[in-house]
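Please read it alongside the sequence and the coordinates.

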Amino acid sequence: MAIDTYHFFAGTSTFKDLEAIPDSSLLVIHLADAPLDLSDPTIEFDRLMPGEGELPLQEFVQIVAEKGFTGTWHVETIKGSDYGTDLREVAQRALSSTKNLVESGLSKISKSGSL
């Protein structure tokens, strides 16, 4: 199973739903950020890098990590302006923002003694 954080938060899913998913079912997490209000459908085509928006992605990462997730963290952004620039810079920004988000989420778990 793959979970896309944009669709997770745009739909009716809750953190309780996420907690109920067996870890063995999770293979890929697509991390995409956006404004907290996702009611404008055009936002789907203007997603942000992880940590550049307002979605509670750090809490999402913590819940998934606490389940023992060992799958792939994947950046899924669809922002036209990114594709009109140097893709190497976009890829470097994606890697940096994703690493920062995941490491931050994991460090909160290890500090609380859960992991």
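The points below cover fold, dimensions, surface and charge, and a selected residue.

The model is predicted. The protein contains 5 helices and 3 strands, and its 115 residues have a radius of gyration of 14 Å.

**Secondary structure and contacts**
- Read from the N terminus, the order of elements in the protein is β-α-α-β-α-β-α-α.
- Of the contacts between residues at least 6 apart in sequence, 73% connect residues at least 24 apart.

**Dimensions**
- A compact globule of 115 residues would have a radius of gyration near 13 Å, so the 14 Å of the protein agrees with that expectation.
- The C-alpha trace spans about 40 × 30 × 20 Å along the principal axes.

**Burial, surface and charge**
- Buried residues make up 36% of the 115 in the protein.
- The accessible surface amounts to about 6500 Å², and carbon and sulfur atoms account for 54% of that area.
- The protein carries 18 negative and 9 positive side chains.
- The centres of these two sets of charged side chains are 6 Å apart.

**Ser 24**
- Ser 24 lies in the loop that runs between α2 (15-20) and β2 (28-31).
- The relative accessible area of Ser 24 is 68%, and this residue therefore counts as exposed, the cut-off being over 50%.
- Between Ser 24 and Gly 68 the C-alpha to C-alpha distance is 9.0 Å, although 44 residues separate the pair in sequence.

Notes. Residues numbered from 1 in each chain as written. Predicted model: local features only at pLDDT ≥ 70, side-chain atom pairs only at ≥ 80, totals over all residues. Heavy atoms only, no water. Helix = DSSP H or I, 4+ residues; strand = E, 2+ residues; numbered from the N terminus. Rg over C-alpha atoms; globule rule 2.2 N^0.38 Å. Buried < 20%, exposed > 50% of the residue type's maximum accessible area, 1.4 Å probe, protein only. Contact = heavy atoms within 4.5 Å. Areas by Shrake-Rupley, 256 points an atom, 1.4 Å probe, with all protein chains shown as cover. Lys, Arg positive; Asp, Glu negative; His and termini not counted. Charge placed at Lys NZ, Arg CZ, Asp CG, Glu CD.
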